[in-house]
Amino acid sequence: MSFWDRMIGFFWGEESLPLLFMVLAMAMLLLHYRREERAHFVNTVSFFFICLFGQFVSGLLHALDFGRAAAVTREVFIIGAGVAVIRLWGQLVFRMVLPAVKLTPPRIAEDIFVIIAYVAWFMVRLRYAGLDLGSILATSAVITAVVALAMQDTLGNILGGLALQLDNSVEVGDWIKVDDISGKVVDIRWRSTLVETRNWETVVFPNSQLMKNKFLVLGRRTDQPVQWRRWVWFNVGIDTAPTRVVSLVEESILQTDIANVAKYPAPNCVLMDMDTKGYARYALRYWLTDLALDDPTDAAIRWHVMAALQRHGIKLALEESSIHITKENERYEEVVRQREVSLRIKTLRKVELFSQLNDAELRALAERLRYSPFSKGNVITRQGDADSHWLYVIINGEAEVYVDLPNGKRRTVRILGRGNFFGEMGLLTGAPRSAWVVARTDVECYRIDKDAVEELLHERPGIAEEISHILVTRRAELDTALQNLDATGAHKDLSLQRSEILAMIKRFFSLGN
Ligand code: CMP
């Protein structure tokens with residue numbers, strides 16, 4: 001027998017070629033379907049080839065007549081190759097096959113499977129090598145007992161990790177709260193669970209701690225989507241009826257789409273306490289859908305509540321001490337009020353609609369305005385609403401005017417900005433609101449009620465003419481948006497329409513000709 005025949009005959013058997021193909025096929029499948037874990041598979045396959053090379057070396061040794069060294073080397077590398085094959089099988093079954101049939105076993109299950117298979121493989125090889133299994137088991141039992149005693153804590157953690165994974169009490173992706181730390185579970189390892197907090201910290205909880213103590217899994221409820229109830233607190237003086245506060249805050253929040261606030265269960269407002277300090281304590285409760293964004297969403301809700309209260313002339317309650325200071329100083333209050341009126345006059349001057357008014361008229365109007373802030377997404381007027389009591393002037397921000405089309409879609413008619421007014425169609429003609437107006441950004445408005453507008457029109461009939469002019473153009477745009485040209489007579493002469501609308505306004509406000 002030649003040198004090469006002896007060498008190859010020693011390490012290359014009948015099963016070698018199929019085994020090689022099997023390993024290559026498994027590696028290709030894994031690399032194709034689990035591209036993101038490439039590094040693991042490449043490592044395992046590389047290890048297999050190193051072991052194959054080791055066996056080749058053992059063949060060389062054998063051919064060179066180093067009998068014992070060749071046998072030992074071969075055995076070592078056969079065990080190594082087996083370890084690589086077992087690992088690949090574990091990866092194939094647990095990361096590809098089971099997920100393909102919608103099973104997602106915890107990572108620990110793969111580890112256990114692989115470890116048991118390693119032990120079995122060692123036993124088999126040791127037996128081949130002629131070692132007595134019985135005595136090995138006895139010795140290993142004693143060693144195990146000694147090691148177990150020495151590693152009580154670690155074993156507690158490992159068993160904790162196992163239990164956590166198997167009973168599904170926490171899963172990767174859950175938000176948990178332990179004492180005052182809350183965060184998202186990013187990994188459950190053998191010994192510890194990693195939690196990433198919103199402050200960009202990673203907290204390592206020993207698994208035994210999670211097993212022994214209670215912790216909260218945030219936002220999780222059987223058969224419900226993940227969402228977490230949050231409480232946003234605010235105080236209002238007891239001179240305002242709680243039913244009014246609750247209903248206007250709820251109405252405003254329910255009409256608005258706020259990012260990360262669940263529609264169901266709907267947000268609700270409750271009166272939580274009344275105390276002797278002179279104010280009532282309310283909470284707006286809502287369900288947060290993205291648990292990472294608790295503070296920003298709370299802030300958005302707070303701003304909505306504030307804006308809704310301000311629009312209705314309700315102030316948030318101040319601390320008792322500051323109320324005294326303000327009350328004592330009525331002159332100071334008057335100065336503040338005058339400053340506000342001057343600011344309003346300055347703003348009104350820039351609104352084209354009021355360009356005809358003199359200083360006294362502007363002042364009279366400014367005193368009757370109500371400051372009305374809206375937060376982004378708030379509905380300011382709704383199409384078809386019969387309660388058209390207000391005319392709005394935008395002093396900051398942008399609002400979108402849109403209409404519902406008969407086919408259920410909506411179409412934007414115009415974007416209004418600073419100095420523009422809206423709500424005139426309903427207010428001046430008594431018709432239901434012709435369109436939706438929604439805050440595109442946070443919007444600050446002044447709103448003017450019907451009585452103030454009526455007074456204004458009596459004093460300055462020219463304003464009615466100007467408004468009727470704008471109104472006709474806007475109506476034509478609306479009709480075009482609705483593609484409803486015939487129905488409303490947009491084909492009619494615009495000046496005819498204008499005079500019709502003017503007559504309507506005059507009739508509505510009983511203005512003379
Ligand atoms: P009103 O019908 O009371 O309520 C909806 C408001 O949208 C309406 O008054 C107008 O102020 C405004 N609006 C309707 N159509 C237009 C338009 N084409 N351009 C600007 N604003 C409009």
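Predicted model: local features only at pLDDT ≥ 70, side-chain atom pairs only at ≥ 80, totals over all residues.
I count a polar contact as a pair of N or O atoms within 3.5 Å.

I went to Gly426 first. A polar backbone atom of Gly426 sits 2.7 Å from an oxygen atom of the ligand, so the pair falls within the 3.5 Å limit. Next I looked up Arg474, where a polar backbone atom is 3.3 Å from a nitrogen atom of the ligand. How much of the ligand's exposed area does the protein bury? I get 450 Å² for the ligand taken alone, and the protein buries 100% of that.

**Ligand, cavity and shell**

I looked at the cavities too, and the largest cavity is the space the ligand takes. Which elements give two or more residues to the shell around the ligand? I noted strand 13 (410-416), helix 14 (424-429) and helix 16 (461-482). The ligand has 17 residues around it, and those that come nearest are Gly423, Glu424, Arg433, Ser434 and Glu477. By class, I have the shell down as 8 nonpolar, 4 polar and 5 charged residues.

**Aromatic pairs**

I searched the whole structure and got 11 aromatic pairs. I picked out Phe11 and Phe56, an edge-to-face pair with 5.8 Å centre to centre and 85° between the planes. Phe11 belongs to helix 1 (residues 3-11) and Phe56 to helix 3 (residues 38-63), so this pair ties together parts 45 residues apart in sequence.

I kept the backbone for last. Most peptide bonds are trans, and most residues other than glycine have a negative phi. Where did I find a cis peptide bond? Tyr264 and Pro265 are joined by one, with omega about -5°. Pro265 has its place in the loop between helix 9 (242-254) and strand 7 (268-274). I also wrote down Asp179, a residue other than glycine whose phi is positive, near 50°. Asp179 lies in the loop that runs between strand 1 (175-178) and strand 2 (181-188).

Conventions:
Residues numbered from 1 in each chain as written. Heavy atoms only, no water. Near = heavy atom within 4 Å. Polar contact = N/O pair within 3.5 Å; in protein donor to acceptor, adjacent residues only side chain to side chain. Areas by Shrake-Rupley, 256 points an atom, 1.4 Å probe, with all protein chains shown as cover. 1 Å grid on protein atoms, 1.4 Å probe; cavity = no way out; pocket = protein on both sides within 12 Å on 5 of 7 lines; lining within 4 Å. Sits in = over half its atoms within 2 Å of the grid points. Helix = DSSP H or I, 4+ residues; strand = E, 2+ residues; numbered from the N terminus. Nonpolar A, V, L, I, M, F, W, Y, C, P; charged D, E, K, R; others polar. Phe/Tyr/Trp six-rings, centres within 6.5 Å; stacked < 30°, edge-to-face > 60°.
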